[in-house]
Amino acid sequence: MSQPLLETKNLKKYFKTPHGNLHAVDDVSLSIEKGATLGVVGESGCGKSTLGRTILRLTQATDGRILYDGREIQACNESEMRLLRREMQIIFQDPFSSLNPRLTVNELIAEPIIVNHICENKAARNRRVEELMDMVELAKRLSNTYPHELDGGRRQRIGIARALALNPRFIVCDEPVSALDVSVQAQVLNLLMDLQERLSLTYLFITHNLSVVRHISSEIAVMYMGVCVEKAPANMLFSHPRHPYTEALLEAIPTPDLSSRNKKRKILKGEVASPINPAPGCRFAPRCTKATAACTENGGITFSEVEKGHFVACIHCC
């Protein structure tokens, strides 16, 4: 079996608060094969974006391991990480706030090229910028425009071009279409998929939109309060979810079919537990209809493979 491009092993990221440690990412172990897309879904605040930023070392991990192409990146010093970040890039959620409003489109795309000394001279740099604009389907007439003069879709294309400027192999897509109109979302998603096929890219795709993640992902990981509760191939997760939280998420997807309007949906009840110094056991237990005393026992929940490629953190599903 080939070596995954990226792996996390028992990755943790805690933030100190006056009341204790906030467990933003807790004991997450994932792997992404080369050229594949791992979708990460969950409610707002579940730790999706923190996971992506921790993998790229934009935020330092509290504990655990991050392996990129077999290399332990936490052992890399600053100069080594600068070189490694050419291969590991990020597309941010808000295309407006992630761009410098004082720079033109040409200057924004050229910025990472200049910082990393990729091109020998200005002419070569301009050719590379034109190539990137063509790659993300941005018209050349927009070279001297500013971000505020463009719509959200074009701004996000600038963000994608910036991410591609250094010829990366791995990209964290942090909710790249959530701020866009539905029609523009489809265009950007199709662009990302085309670029992946053309450039052999590997994606970690973070979103709370289940329809989007099903469209683009080969595998999906479901997070709840910093913990990965289920991971499976996309089709398997949608056709046969095993964790009660995943079932509830899929139940919440709107159905454009009037015949299903009288269908009874599973509605989660109970209070969301605090992520600050969380109690032992399953964090979904206070909202789970299947919960028993065993669910809240210390060390009682493990992330287990229930069928080939399908992992679940639930004692009732194993």
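User: Which residues line the largest cavity?

Analyst: The model is predicted: local features need pLDDT of at least 70, side-chain atom pairs count only at pLDDT 80 or more, and totals for chains, interfaces and linings use all residues. Residues are numbered from 1 along each chain as its sequence is written, and side-chain values use heavy atoms, with hydrogens and water left out. A cavity is a set of points, on a 1 Å grid over the protein atoms alone, where a 1.4 Å probe fits but cannot get out, and lining residues have an atom within 4 Å of a point. The largest cavity is lined by His243, Pro244, Cys282, Phe284, Ala285, Cys288, Cys295, Ile301, Cys314 and His316.

User: What is the volume of the largest cavity?

Analyst: The count is 1 cavity of 30 Å³ or more. Its lining divides into 8 nonpolar, 2 polar and no charged residues (nonpolar: Ala, Val, Leu, Ile, Met, Phe, Trp, Tyr, Cys and Pro; charged: Asp, Glu, Lys and Arg; polar: the others, Gly among them). Volume is the space filled by probe spheres set on the grid points, which are joined across faces, edges and corners. For the largest cavity the volume is about 60 Å³.

User: How are α3 and α4 oriented to each other?

Analyst: Helices are DSSP runs (H or I, at least four residues) numbered from the N terminus; axes are lines fitted to C-alpha atoms over the stretch in contact, with angles from 0 to 180 degrees between N-to-C directions. Helix α3 (residues 105-115) and helix α4 (residues 122-135) pack at about 115°, with axes 10 Å apart. Angles under 35 degrees count as roughly parallel, over 145 as roughly antiparallel, 65 to 115 as roughly perpendicular and the rest as oblique. The pair α3 and α4 is therefore roughly perpendicular.

User: Which residues of α3 and α5 meet?

Analyst: The axes of α3 and helix α5 (residues 152-164) come within 7 Å and cross at roughly 25°, so α3 and α5 are roughly parallel. Contact means heavy atoms within 4.5 Å. On the α5 side are Ile158, Ala161 and Arg162, and they meet α3 through Val105, Leu108, Ile109, Glu111 and Pro112.

User: What is the class make-up of the contact of α5 with α6?

Analyst: The axes of α5 and helix α6 (residues 182-199) come within 10 Å and cross at roughly 20°, which makes the two roughly parallel. From α5, Gly153, Gln156, Arg157, Ile160 and Leu164 meet Val184, Gln187, Val188, Leu191, Leu192, Leu195 and Leu199 of α6. By class, this contact has 8 nonpolar, 3 polar and 1 charged residues.

Conventions
On a 1 Å grid over the protein atoms alone, a cavity is a set of points where a 1.4 Å probe fits but cannot get out, and a pocket is an open set with protein on both sides within 12 Å along at least five of seven lines; lining residues have an atom within 4 Å of a point.
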